[in-house]
Amino acid sequence: MMTKIDIRLKDEIGLINPNIYGHFIEHLGGVVYDGIWVGEDSEIPNIKGFRRELVEKLKEIKPSVIRWPGGCFAETYNWRDGIGPREQRPTTVNWWYMNDGKLETNQVGTHEFIEFCRLVNAEPYFAVNATTTTVLEARNWIEYCNMPQGTTTLAQEREKNGAPEPFNVKYWGLGNESWGGGGCMTPEDYCHIYRKYGIISKSVGPDLHFIACGPYEGIPEWTEKFFDKYNEMYTVGRVPPMFGYSLHYYVTNTGTMGSELEYTDTQWYEMMRIGLDMEPFIQSQYEMIRAAMPETSVGLIVDEWGVWHLQNGRHPLPGNYLFEQPSTMREAVLAALSLNIFNNHCNKVIMANVAQLVNCIHSLFLAKGSTCVATTTYYVFDMYKIHQNATSLKTEIDCKSVTFTIDGETHCIPSISCSASIKDGILAVTLANIAVDEDQEVTLNLYGGQYAGEGTIVVLSSSSHKNGNSFEDPYKVTPVEQFIAQTGSELTVTIPKASVVLVRLNVS
Ligand code: AHR
């Protein structure tokens with residue numbers, strides 16, 4: 001069966017917030033130390049202590065926003081440990097200490113992280129400790145970062161530490177996974193915390209964008225209970241504004257999906273099925289919020305997402321860092337369909353942060369010593385950056401389905417995932433061929449305009465869907481670009497099996 005996709009230029013979903021193409025850096029395993037940070041005195045080429053190769057490659061994909069310092073790590077982080085002369089900073093116990101035996105040297109703190117964001121042109125998004133510190137300490141962190149030069153004593157301390165100008169950090173997440181590692185709270189308890197932190201912190205800045213902690217896919221009902229309480233408080237008054245509501249969505253592999261490098265076709269499809277289920281999760285969470293607060297403009301922020309291989313027997317990689325995983329075309333296709341979901345729901349999702357940037361979970365880079373490898377997922381982000389700030393268009397897909405049986409249950413999923421956008425007369429269509437064993441002919445029918453000449457098609461695929469980039473073979477899978485010319489309203493392209501494709505064409 002031939003796949004047909006209808007694209008209607010007049011059928012707009014909304015503007016794709018560049019922050020959908022955001023990242024996440026946590027003090028965990030090899031993310032910060034030996035990942036982004038090698039130190040100023042290192043022989044590894046660096047810019048102000050940050051791994052040069054990673055900085056340069058990251059900048060190329062327009063990283064928009066980066067969340068830091070956790071994750072769970074944020075919930076025992078004292079921001080004061082990470083300021084001042086580096087040689088005088090304390091060594092502390094990292095939240096993840098029990099797993100990898102590493103202590104926290106605090107060599108990367110607020111100033112360094114801001115420097116990293118500036119080097120790659122990204123906005124910082126800070127996750128505030130809302131469990132093991134006081135509201136005053138959290139408020140003071142905002143004051144330290146954002147008060148104008150020469151005003152408060154904390155602003156002067158920032159200046160003494162080398163930054164006279166305020167950092168103007170806009171995004172502040174109040175708590176992380178408050179239902180779990182962040183305090184094991186009930187939604188009602190957390191609502192009180194959110195209110196307390198938000199109200200107290202409001203006084204230190206006019207342009208603060210607070211983000212409340214929402215659920216992961218296993219506890220969707222958290223949202224209903226949280227917003228019931230939030231509404232109850234609203235009627236009492238003094239509830240801080242909410243810019244975003246955070247969701248976490250991991251495709252967690254506890255063994256049913258094989259291992260990172262070895263999997264059957266069925267296990268491939270099982271991973272795609274769970275990945276595609278993010279869409280109904282987003283839809284239902286959005287509906288719950290709108291049902292509770294019809295007038296609200298709060299947007300969804302999926303600030304942790306990706307494939308997490310948690311099965312026994314981790315694949316040994318040179319770094320041997322906690323949660324370090326190799327990637328193949330499977331992670332690439334999963335990333336592509338996830339980003340398509342965000343584009344297609346850009347009227348609901350205003351930010352997303354893939355977990356995590358380097359050496360951890362669904363990473364874009366693997367780094368150790370002087371070697372830095374861009375994974376297949378890196379190239380997906382490179383291909384998809386064209387969607388940033390473009391207008392998302394509705395697409396209608398008519399494609400074959402894939403049926404598979406796992407654990408006695410039969411499932412049926414579409415074989416193609418797609419999103420489309422337009423900016424400055426250029427149409428961008430991104431496609432993932434979920435079918436692991438079949439190239440597909442896809443016809444893109446354009447309504448409301450015409451293809452107008454030249455464009456490109458970029459294909460990320462490999463001879464085996466189990467291929468990926470590694471320390472031994474860092475460029476095994478990279479995208480291939482080809483020029484195309486097309487007029488009229490119909491374009492047919494071949495999408496290789498298990499691939500990610502970008503079609504980019506002028507339209508009139
Ligand atoms: O990304 C790793 C961890 O996953 C984060 O610290 C936490 O928020 C989530 O459980």
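**Close-up views of the predicted model**

**View 1. Surroundings of His411 in the predicted model.** Leaving aside residues up to four places away in sequence, His411 touches Glu270, Arg273, Val402, Thr403, Phe404 and Ile406 (contact meaning heavy atoms within 4.5 Å). The model is a predicted one, in which local features need pLDDT of at least 70 and side-chain atom pairs count only at pLDDT 80 or more, whereas totals for chains, interfaces and linings use all residues. Residues are numbered from 1 along each chain as its sequence is written, and side-chain values use heavy atoms, with hydrogens and water left out. His411 belongs to strand E18 (residues 409–414); helices (H or I, at least four residues) and strands (E, at least two) are DSSP runs, numbered from the N terminus. With a relative accessible area of 12%, His411 is buried (buried is under 20% relative accessible area, exposed over 50%, partly exposed in between, with a 1.4 Å probe and protein chains only).

**View 2. The shell around the ligand.** Polar side-chain atoms lie 2.7 Å from an oxygen atom of the ligand in the case of Glu177, 2.8 Å in the case of Tyr250 and 2.7 Å in the case of Glu304. Of the 280 Å² of accessible area that the ligand has on its own, the protein covers 94% (Shrake-Rupley method, 1.4 Å probe).

View 3. Glu177 counts as buried at 13% relative accessibility, whereas Cys184 is exposed at 63%.

**View 4. The two sides of helix H5.** Leu154, Ala155, Glu157 and Arg158 are buried in helix H5 (residues 153–160). Seen down the axis of H5, these buried residues fall within an arc of 155 degrees, so they line one face of the helix (the arc is that of the directions from the helix axis to the C-beta atoms). Thr153 and Lys160, on the other side of H5, are exposed. Cover for the buried residues of H5 includes helix H3 (110–120) and helix H4 (135–146). Gly162 follows H5 and has a positive phi, near 105 degrees.

**View 5. Cis peptide bonds in two loops.** Gly70 and Gly71 are joined by a cis peptide bond with omega of about 15 degrees; Gly71 sits in the loop between strand E5 (65–68) and strand E6 (92–93). A cis peptide bond with omega of about -10 degrees joins Ala355 and Gln356, and Gln356 is located in the loop between strand E13 (349–354) and strand E14 (365–368).

Key. A polar contact is a pair of N or O atoms within 3.5 Å; within protein, one must be able to donate a hydrogen and the other to accept it, and residues adjacent in sequence count only if both atoms are side-chain atoms.
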